[in-house]
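Thanks for coming. I will show one structure and talk through a few parts of it.

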Amino acid sequence: MFIPMAVAIAEARVGKRGERIYSSRVPQLLERGFIAFKSSTYMMVLSGFIEPVLYLLSFGYGIGTLLPTIEVGNETIKYAAFIAPALLATSAMNGAIYDSTMNVFFKLNHDRIYQGMLSTSMGPLDVALGEIGWALIRGFAYACTFMAVIAPLGLVVSAWGLLAIPAAVLIAFGFASCGMAITSYMKSFQQLEIVNIILLPMFLFSGSFYPVSVFPVWLQNIVNLLPLTHAVNLIRGLCLGHINLALAGHAMYFIVMIIGGLFFTTKRLNALFMK
Amino acid sequence: MSNPLISARGLTKKFGDFTAVNGIDFDVFKGESFGFLGPNGAGKSTAMRIIGATAQRTSGTISILGKDPELHGPQIRAHLGVVPQQDNLDMHLTVSENLYIYGRYFGLPRKFVKGKVDELLAFAQLEEKRDTKVEALSGGMKRRLTIARALVSEPEILILDEPTTGLDPQARHILWDRLFRLKEQGVTLLITTHFMDEAEQLCDRLIVMDKGSIMAEGSPASLIKDYSTKEVLELRFGSDRNQAVADSLRAMCDRIEELPDRVLMYTENGEALLEKIYAADFHPKTSLVRRSSLEDVFLRLTGRTLIE
């Protein structure tokens, strides 16, 4: 009897873990990302790279002139070296959030692309991981280019700073999975604005431009719960070579975000397209 | 007959208090073209989504190629080609990229899919549009591309939900022609439609659905034979007079239906009946004799027309 290749491929996955929601098709989804990227608007890609550089120029060398150095712990560093890691963390967040909210919202509600994908032998976890994976590739590219700007300027004090790139990808992963989970619950484009409303104050108050210790204790406690604070502390710790157990704690924060985000995204995609 | 490819018993789907599909039974056999005819909201699309393993039933049983779609979703979907009611092509990609990536979603190797793309572009008569962005295609072309896309995995069963809704007559005929070819190749077709001409053209066998239930089942010809007369005489007397006249015409034919804009008289010989009506001094504004269609079957079964 003739067995179509697609059937043989699907049957080969019988008995594998999570076979009902996952078919190991993340590479194929990334392939889609590359094909679509080839004909996408490069301006948007460019802006993701330029944004942190502009912040670095205006704040690092603007405020940096008034305030050449800053105390971190018992060390004195250049102001630009203080904010550069924070800008890397923020650009990882922004890129991941953009990909997992705006882009995902359109594919979910407007183009119905996921509906088409899920009519194939793929599952919702494939789609979630594929979309997030694409956000990570972009996050990785942004992190590398920003590093290529700040390292020659002497703004990465320690060799540990090299680990800031994988850390940025981890941060992007956390934000992308939570961003996609939140987006999958959104009913209208207007509701997505909430994400922006949260993002901006988080950027301004998460210790990017000055240490959190300037705040009263009650505000410090709130700020220390925010994901971007953990992201900033993680990357700053690596770039400055302040290696301690707290960094593992920050990384854990993002691992929890990743697992939680993936769980709700898959659950929601199942409910939207498989119920 | 051999074992059915798809078999449903007491298939039910509820959304909260609303019952979309209400305990339906049907069997679909290999190589046949099976239709779900009914108005919008009859539960056809929901039934299709359950068969397509993208919706879960509330109760009842369904087996597709001997498997339960709830337990073996990916394996069942690997056998199916799905053409949804609304096109969901990837607007960011070109025509050929759409076909290519869809094949890749099934896990098929690049080389295999590339060969398939050329074959399907020819099938869909879209060779010249190969590198065009999907957005720029006409409705008929998009539909053909969606069907071609559904074929990329060489499915044994093709599910078409309202395949020609929104298309002009010429585009519909091109599409029907493509579907005939697939049927000739042995692909099993499942088609939902609210167009009786489409059901008559394409379906070997169909179920008539209304409000989630099956009203009748059979071939188009047998349904017409069982539920209607050979011919229908359509008369228009003007919207204010139709009903009054209908009451006096009732005795002259087997059955009469009054619609807001016209009166339908069911008879074995339409021309003869029309002569009798003129002889009895009735003067319709327009008259038309036609063969009975599935529309008449639906009207008989539900008292309503398919397109409201």
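What percentage of the 308 residues in chain B do buried residues make up? Buried residues make up 48% of them. A residue is buried if 20 or more other C-beta atoms lie within 10 Å of its own, exposed if 12 or fewer, and partly exposed in between, with the C-beta atoms placed from the backbone.

Before going on, some housekeeping. This is a predicted model, in which local features need pLDDT of at least 70 and side-chain atom pairs count only at pLDDT 80 or more, while totals for chains, interfaces and linings use all residues. Residues are numbered from 1 along each chain as its sequence is written, and chains are lettered from A and ligands numbered from 1 in the order in which they are written.

Let me stay with chain B for a moment. Chain B has 11 helices and 13 strands; these are DSSP runs, helices being H or I with at least four residues and strands E with at least two, numbered from the N terminus. Its C-alpha atoms fill a box of roughly 75 × 45 × 40 Å along the principal axes. Of the contacts in chain B with a separation of 6 or more, 68% come from residues 24 or more positions apart. Two residues are in contact if their C-beta atoms, placed from the backbone, lie within 7 Å.

Now the contact between the chains. Chain A puts in 33 residues and chain B 29 residues. On the chain A side, helices H1 (5-11), H2 (26-38) and H5 (113-117) each supply at least two residues. H1(A) gives the most, with six residues. By class, the chain A side divides into 15 nonpolar, eight polar and 10 charged residues. Here Ala, Val, Leu, Ile, Met, Phe, Trp, Tyr, Cys and Pro count as nonpolar, Asp, Glu, Lys and Arg as charged, and the others, Gly among them, as polar.

Next, helix packing inside chain A. Helix H4 (residues 79-110) and helix H6 (residues 124-150) of chain A pack at an angle of about 155°, with their axes 9 Å apart. That makes H4(A) roughly antiparallel to H6(A). Axes are lines fitted to C-alpha atoms, for helices over the stretch in contact, and angles run from 0 to 180 degrees between N-to-C directions. Angles under 35 degrees count as roughly parallel, over 145 as roughly antiparallel, 65 to 115 as roughly perpendicular and the rest as oblique. Among the residues that meet are A:Gly95 and A:Ala96 in H4(A), and A:Gly139 and A:Tyr142 in H6(A). This contact has 12 nonpolar, four polar and three charged residues.

H4(A) also packs with H7(A), at an angle of about 30° and with the axes 8 Å apart. These two are therefore roughly parallel to each other. Their contact has 17 nonpolar, six polar and one charged residues.

One residue of H7 (residues 164-185) in chain A is A:Gly174. Is A:Gly174 buried or exposed? A:Gly174 counts as buried, because 27 C-beta neighbours lie inside 10 Å. Leaving out residues up to four places away in sequence, A:Gly174 touches A:Pro227, A:Phe254, A:Met257 and A:Ile258.

Last, helix H10 (residues 227-240) of chain A. H10(A) has 14 residues and reaches 20 Å from its first C-alpha to its last, close to the 20 Å expected at 1.5 Å a residue, where the expected span is 1.5 Å times one less than the number of residues. In H10(A), 14 of the 14 residues are buried, so the helix is largely enclosed by the rest of the structure. Just after H10(A), A:Gly241 takes a positive phi of about 75°.
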